[in-house]
Amino acid sequence: MSEVIHAPEPALEEQGPKRISHWIGGEIVPGESGRSGPVYNPATGEQTGVVDFAAREEVDRAVAVAREAFPAWRALSLSKRSDLFFRIRGLVHEHREDIARFLTLEHGKVLSDALGEVARGLEVIDHACGIPTLLQGRFTEQASTGIDVYSIRQPLGVCAGITPFNFPAMVPMWMWAPALASGNTFVLKPSEKDPSASLFVAELLQEAGVPDGVFNVVMGDKVAVDSLLEHPDVAGISFVGSTPIARYIYETGAAHGKRVQALGGAKNHMIVLPDADVDMAADAAVSAAYGSAGERCMAVSVVVAVGDVGDRLVEAIQERLPKLKIGSGLDPASEMGPLVTRDHRDKVASYIESGSEQGAKVVADGRELEVDGDGFFLGVSLLDEVTPEMDAYRDEIFGPVLSVVRVGTYDEAVRLANENPYGNGVAIYTRDGGAARQFQFEVEAGMVGINVPIPVPVAYYSFGGWKASLFGDSHVYGPEGINFYTRGKVVTSRWPDPATSVVDLGFPQTR
Ligand code: NAD
């Protein structure tokens, strides 16, 4: 029987499977459903944890606690909330290496990349420190004679976040930071594949002084998610994950009267025009395709080579591949780690096979990578002469497989990107300012990079795709994140002035 842990210690990988439970009302609550799932160290293939899966009753308990904590939390002054966020910021920064280590041990990404993830999450916490300014309303004096009008934004109540495996710390921060700063209380349902970082962060929030019940974590699968989607006391749902589940979350949450933002999958195109700096484009393609083993929703998975740049570009990408260092994320020399699970590794590898069968040229085959042990490693793969009908092009592979599609003209390249059902990120490599501007004008995607391969917006803008990459109206974090977690109220006010008071049954008009 594995033991229930309180503060998860980053060095636990040596101690056999640990039990990972819920965080409700400021304490670890062992699950009682009798259901659980395995957590692995992807670099060794070893099972390091057992995560409890919440039953509906456990989710109900977390929501009830969050609901109870809401009135006092929303009444806390903005200056005190901002103070708390500065403390949270300090603690997350101080423990960034501990958090990164959890990510490497359960997700597999290399430590430097995990630290980058925490740094990008911290940006969103930084932004939340400015909550007094972010919640500023507008005021109109004398809108009508003796009447002032002003707008305020108020929290929704209990909000929930459901997050994917690939950013176990940053994506939850995209949600809980603006949600809590705006005065909501929160229930997080992290990915069951790498849940430990969320518990560690829960303890940091408590240490910072966030009152018990304001932030809760329920572990689990579809049962926990459905319980949140259907719960009458959950007012808002943020989701990040794959497109089929995002669509389901949006439809089910909306059918239960909730505000929903659901970010889905991606197939990000990087268009390289003939005038581009080929070395710069190749460096960018390799970094953006294989970083985090391609398990990023903003990874470049398709390079669109325009005109005669194709041969030069494929050659430049190919010559960089043997130099990449693939190994355990804890080894400082590693640039790319394993995939998250064995099943996922095998599924990703199947696209090299199907690509080859369907006519693509396999320039590099990641299955040839030789590694010791049972880790979920796959080397980097490059498929050339991919066409839009092939599975490797149509599906979101979410692994270190880069496809190159060759087209004749800029127009064909843009049409390809625009006809793709996804519209998360997109990039263009060119020295031609006019072409880049035209691209920005007409490309159908939410985040555009001009000579920038992974254009994840800074925290004071908002993150979100178009088309099948986002369901709902709001992007996450930044101004749209604050809007999502608040609702507007407009107050029209007059102070009593007996001298002007009359009975008037007409419809109020400005005077
Ligand atoms: P996933 O959709 O399998 O899981 C996401 C969350 O949904 C998890 O918490 C999971 O427990 C839950 N879930 C899974 N199946 C469910 C079901 N049937 N019903 C209810 N809940 C369910 O995604 P993943 O594999 O964890 O993450 C990878 C995906 O996330 C990729 O498609 C990637 O593009 C996407 N992603 C998108 C963004 C973005 O910003 N658009 C960011 C990161 C990841």
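Modeller: Happy to! One term to begin with: a polar contact is a pair of N or O atoms within 3.5 Å; within protein, one must be able to donate a hydrogen and the other to accept it, and residues adjacent in sequence count only if both atoms are side-chain atoms. Also, this is a predicted model, where local features need pLDDT of at least 70, side-chain atom pairs count only at pLDDT 80 or more, and totals for chains, interfaces and linings use all residues. Residues are numbered from 1 along each chain as its sequence is written, and side-chain values use heavy atoms, with hydrogens and water left out.

Colleague: Thanks! How far is a backbone N or O atom of T163 from an oxygen atom of the ligand?

Modeller: That distance is 2.8 Å. For G241, a backbone N or O atom is 3.3 Å from a ligand oxygen. The side chain of E396 also takes part, with an N or O atom 2.5 Å from an oxygen of the ligand.

Colleague: And how much of the ligand does the protein bury?

Modeller: The protein buries 88% of the 850 Å² that the ligand exposes when taken alone. Those areas come from the Shrake-Rupley method with a 1.4 Å probe; for residues, only the protein chains shown count as cover.

Colleague: New topic: which pocket does the ligand take up?

Modeller: The ligand's space is the largest pocket, with a volume of about 820 Å³. Of its 38 lining residues, F165, K193, G241, S242 and I245 are closest to the centre. On a 1 Å grid over the protein atoms alone, a pocket is an open set with protein on both sides within 12 Å along at least five of seven lines, a cavity is a set of points where a 1.4 Å probe fits but cannot get out, and lining residues have an atom within 4 Å of a point. A molecule sits in one if more than half of its atoms lie within 2 Å of its grid points.

Colleague: Which helix gives the largest share of that lining?

Modeller: Helix 9 (243-255), with 5 residues. Helices (H or I, at least four residues) and strands (E, at least two) are DSSP runs, numbered from the N terminus.

Colleague: How many cavities are there?

Modeller: There are 7 cavities of 30 Å³ or more. The largest cavity holds about 110 Å³ of space. Grid points are joined across faces, edges and corners, and a volume is the space filled by probe spheres set on the points. Its lining has 15 residues, with G294, R296, A299, S301 and F398 nearest the centre.
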